[in-house]
Amino acid sequence: MSEARRKAAPARRRQKRHWAVRVLGWLAALVFLGIIGAVATFFIVYQTTKIPDPNKEFATNTTTVTYADQRNNLGTFFEQNRHSVPMSQIPKRVQDSVIAAEDRTFWTNPGISPSGMVRAAVNIARGEQLQGGSTITQQYVKVMYLTQERTVGRKLKELFIATKLGRQQDKSKTLEGYLNTVYFGEGAYGISAAGDAYFKKPDPNSLTVPESALLATVLNNPTLFDVTDPDPRTKKRIIDRYHYVLDGMQQMGTITPTQEKQYANALPKLDMKPKSSRYGGPNGFLLDMARKELGKLGFDEDAITGGGLKVTTTFNYQQQKKILLAAKNEKPKKSDGLHIGMAAVQPGTGQLLAMYGGPDFLKSQLNWATTKARPGSSFKPFALAAALEDGKSIYDIFQGDSPITVQGQKFGNELSTDYGDVTLLKATEESVNTAFYDLVDKQMDGGPRKVVKAAEAAGIPASKALENDKDNPSTVLGPNAYASPVDMANAYATFAAGGKYTPLHTIKEVRGPDGKVLWSDATIMKQQKQAFPPDIANMVNYVLQQVVKDGTGTGAKDLDRPVAGKTGTAGGVAVEDRAENKKCGGCKDGSATLTSWWSAYTPQLSTSVLYRAGKDGESDLDPYSDDPAFFGGNWPLKTWLAFMKSALEGVPTADFAAPDADQVKDTTTPTYTPPTNTPTNTPTNTPPPSTPPPNTPPPSTPPPNTPTNTPTKTKPTRPTNTPGWPSLPTGGTTSEPTKTPQKPGGGQ
C-alpha cells in the first residue's frame, strides 16, 4: 500500500468518529431541551392550576340498571349513608389502619406517587383502564373535586391538584376529608357510616384494631373484598389483605408483633345492618351479579354508586318473569329445605337471559345459580366431545356391567345396574357410568385431562377442583364442585352454537351521564372462538338428542321440538351423616344424592336446572322424591320444561345441524346384553334399559341426517350452514362445598 493511502485511512476513521460525536451531541442537546421543556411545562401548569370548589353533590348521581330492552328497570346503585366526624373523634388506630392499607408514605409524600404515575402512564400507553397507584390525596381529589370519567385529561388534573393540595393543605386536614368521604361499601361513605354499617358502631372511637383493619381492607375495593360473598376465593382475598393491613400497622408501631399475631388469627365478627330493600326478592341476585360484573370490567365503586352510569344488562324482562314462575310453581310439594338454581343462556352470544338464584336475596345472599356444585353425569357430554376429538366413534363398544376396576378402585353404575357391552351412544343415552370409566380411563391416553380440556373449552371455568382432578379416574362423573347452573348453561350453549364458545356475561352496555358509551359487549363477541369443530359439536348434539328420545331425559319430548340434554346426579355423604361416616370408616359413602341436574338446550336457548338440599346444599335430596334416588330426569327436568315451554312460546321451531351421515350409520353388529339388575320402581319418565330391543342400532331409523326427536308437523328449519339463531321475544361469582371422600354417583 502506498504512503498516501496509508495516511488516508486513519483520516476517514477520524472523520467517521467526528460525525458520530456530533450526532450524539445533538441527541444529548435534544434530550436536555426536552427535559427543560417538560419541567417548564410542569411548573407553568402547576402555577395555573387552581384547586376548585368541592363538588356540591359529592358524586351523588344515581346509576340506573335496566333489562336488555332498556325500558324496564332492574334497579339502581345509589347509596350515600354519610355522617362526617372531626379528626379529634377518629383515633390513631383507625387512621393508621387506612394509611397502612392505602398509602404508607402518606405523611411524607408530596400528594402523588411517582411509581403510581409511572404505572398510570404505562396503562395509558397500553390503552388500559386508568386506575391504580393513587395516593390518599389523589383519591380524595378525585372524589371531592373531579368527575368519575376515565380519561387522560381527568387523570392529569388529578395529579396536578393533588400535588398542589399536598403542598398547600395540612396533611391532617386531607386525611380528615378523606376519612369522611371515601366509600367503604354497603352504602357507607366515611368512617362513621362504615362503622355503623359493618359493626353498628357509628362512633369511630368504639372501633377495635381488628375492626379498623377490616374496614381498611374493604375500603380498597368493596366489590372485590365483599364480606358477604360466600365464595372461598373472596374470603381468601379478604384474609390476605387483612393480614397486609395488620402488617403495615405493626411496622408503623401502632400495634406490637404479638398483637399482630393475635389479631391475624381470625377476622372480627360482623354485626351488619340489613341490605337496601332494592335487593329484595329473587331479582336482587340479578342486580348483585350485574354490580359485581361492573367491578370486573374496571368500574370502581365511586363510579358504580355515584357516577350516574346507565347500565343495560343482558337479562330479558319476559324470560326472567317466566323463570321465576317455573321455580316457584314446578317443584315438589314438600320443598322446605330444597334449593333450586336455574340459568338460561342464548347460544352464540354468551348473554345470560334469565336466572333464578333463590327466593330472596335479602334473606340469603347464597346464589344457587352461581354457586359451584358436583355436576355428576351432566359432565359426560364433555367426555363425549373429548372422545370424538380423540377419534372414537359413537358405536365403539365399552363395558356396561358394574363394577369396573380403575387404578385399583372399583366403580359402579347407579343402583349397581348391569348393561352388558354398550356403544358410546347407548352409554350416553342411559348414562352408563362404567362405560364412561372404560372410555376415559382405559381407552383414551390421558383421558381425564382431555375431559377437563374439553370442559374448559366449552366454557366451564378453570378451577382448583378441576386442576386437582386432571388425573382422577372419576373426573368424568364430576365428583367435586366443578360448575354452577350458569356455567353449565353456557357450556352446553357452546354445543348448541355449533361448537362456538362465547364468554358468559350479564352487562350489555354501559353509558356515562352524557350518554357516551363507556363499554359494550361488542368486546365480548370479539372473544368468541371455535371451541370444537362443527362436526364434533353436531355429533354431540345428535347423541344428546337420543338422551331425550330413548334415554334418561324422555320427559323433555313434551317440549315438542328438537332438544338435546343430559341428566346428572352426584352421590356422596350428606352433611348430617359425615360424623357417623367417619366413625364407621365410610359406611355411608355414596348413600345420599347431593345434587340433581337437568341441563338441556334447543338451537335458540340453553337452560340448566340444579336441585340441592339443606342450609349449605349438602344434605340428602332423596327424601324429597318417590324414586329410588332424586333423578335429574324427574323434578329438575319438570322445572326445566315449565320454563322452556313458556320461554319458547311463539319462537319458530329450529332443527340442529345434522351430523355427517356416514358417522351416524352403524356398520357394526355389537353384542348388547340387556340389564340384569334393573330396579323394579324405575321412574315412569325413564325408559327401562331394555329399550330399544337388543342388537338394534338406535339411529338406524329415521334416516341419519334427520334429528330423531323432530316432531312430524311441518315447521321452519335452520340451514345447517347458517350461524344465526332466532331471537327470543323481548318483553315490555362462587363458593364450593366442602370436599368429602366419596364414590361418585351420577348414573341418572
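Predicted model: local features only at pLDDT ≥ 70, side-chain atom pairs only at ≥ 80, totals over all residues.
Tutor: Residues are numbered from 1 along each chain as its sequence is written, and side-chain values use heavy atoms, with hydrogens and water left out.

Student: Why is the pair of Trp 598 and Trp 640 called edge-to-face?

Tutor: Rings of Phe, Tyr and Trp (its six-membered ring) pair if their centres lie within 6.5 Å; planes under 30 degrees apart are stacked, over 60 edge-to-face, and the rest tilted. The centres of Trp 598 and Trp 640 are 6.0 Å apart and their planes stand at 90 degrees, so this pair is edge-to-face.

Student: What makes this pair a tie between parts apart in sequence?

Tutor: Trp 598 belongs to strand S17 (residues 592-601) and Trp 640 to helix H23 (residues 635-647), so the pair joins parts 42 residues apart in sequence. Helices (H or I, at least four residues) and strands (E, at least two) are DSSP runs, numbered from the N terminus.

Student: How do you know whether Trp 640 is buried or exposed?

Tutor: Buried means under 20% relative accessible area, exposed over 50%, and partly exposed in between (1.4 Å probe, protein chains only). Trp 640 has 0% relative accessibility and therefore counts as buried. Trp 598, also at 0%, is buried.

Student: What places Arg 104 over the face of Tyr 244?

Tutor: The criterion is NZ of Lys or CZ of Arg within 6 Å of the ring centre and within 35 degrees of the ring normal. Arg 104 lies over the face of Tyr 244, at 4.0 Å from the ring centre. Lys 638 lies over the face of Trp 635, at 4.5 Å from the ring centre.
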